[in-house]
Amino acid sequence: MNLNGIKVMVIDDSNTIRRSAEIFLAQAGCHVVLAEDGFDALAKIADHAPDLIFVDIMMPRLDGYQTCSLIKKNARLKSTPVIMLSSKDGLFDRARGRLAGSDEYLTKPFTKESLLRSVASHVPPRAGAAN
């Protein structure tokens with residue numbers, strides 16, 4: 001799957017999750033920006049303008065629902081797809097993610113295929129993108 005040039009932000013307090021997502025995405029040609037929590041992410045989003053954002057639900061300080069909600073309330077960012085990451089696969093969690101404005105819900109641990117499929121389904125690959 002060729003996702004060259006797509007900017008993806010991964011927000012997760014787990015170093016393992018951030019690293020594996022970064023490796024999977026980079027192998028597909030994505031430009032990856034990592035953040036440890038919602039505050040870290042909000043500081044980086046303006047500088048990097050990601051095409052898509054993965055956000056973990058369970059994080060200290062600012063959780064994934066709050067982070068997603070803040071992203072979606074920002075006029076410049078509200079059209080940016082936000083995909084929630086969670087080890088919980090309950091209906092309540094999915095519904096809460098939707099209420100916060102998330103575009104999709106991915107259960108951890110994710111596979112390389114499910115991660116890349118999520119990116120491809122929300123950000124169309126750019127024709128001949130070599131930036």
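User: How many of the residues of strand S3 are buried?
Analyst: In this predicted model, S3 covers residues 52–56; strands are DSSP runs of E with at least two residues, helices runs of H or I with at least four, both numbered from the N terminus. "Buried" means under 20% relative accessible area (exposed is over 50%, partly exposed in between; 1.4 Å probe, protein chains only). Both faces of S3 are covered, with Leu-52, Phe-54 and Asp-56 buried on one side and Ile-53 and Val-55 buried on the other. S3 is largely enclosed by the rest of the structure because the buried count is 5 of the 5.

User: What sort of model is this?
Analyst: Residues count from 1 along each chain as its sequence is written, and side-chain values use heavy atoms, with hydrogens and water left out. Local features need pLDDT of at least 70 and side-chain atom pairs count only at pLDDT 80 or more, while totals for chains, interfaces and linings use all residues, since the model is predicted.

User: Which residue in S4 is the bridge partner of Asp-56?
Analyst: Strands pair if DSSP finds at least two bridges between them. In S4, the partner of Asp-56 is Leu-85.

User: What is the strand order in the sheet?
Analyst: S1 (residues 7–11) has 5 bridges to S2 (residues 31–35) and 4 bridges to S3. S2 and S5 each have a single partner strand, so they stand at the edges with one side left without a neighbour in the sheet. That gives an open sheet of 5 strands, paired parallel, in the order S2-S1-S3-S4-S5.

User: At what angle do H3 and H4 pack?
Analyst: Axes are lines fitted to C-alpha atoms, over the stretch in contact for helices, and angles run from 0 to 180 degrees between N-to-C directions. The axes of H3 (residues 64–73) and H4 (residues 91–100) are 8 Å apart. The two helices are therefore roughly parallel (under 35 degrees; over 145 is roughly antiparallel, 65 to 115 roughly perpendicular, the rest oblique). The angle itself is about 25°.

User: Which residues of H4 make the contact with H3?
Analyst: Contact means heavy atoms within 4.5 Å. H3 brings Tyr-65, Cys-68, Ser-69 and Lys-72 to it. From H4 come Asp-93, Arg-96, Gly-97 and Ala-100.

User: Is Ser-102 buried or exposed, and what is its relative accessible area?
Analyst: Ser-102 sits in the loop between H4 and S5 (104–107). Setting aside neighbours within four places in sequence, Ser-102 is in contact with Cys-68, Val-82, Met-84 and Gly-97. Ser-102 is buried, and its relative accessible area is 6%.
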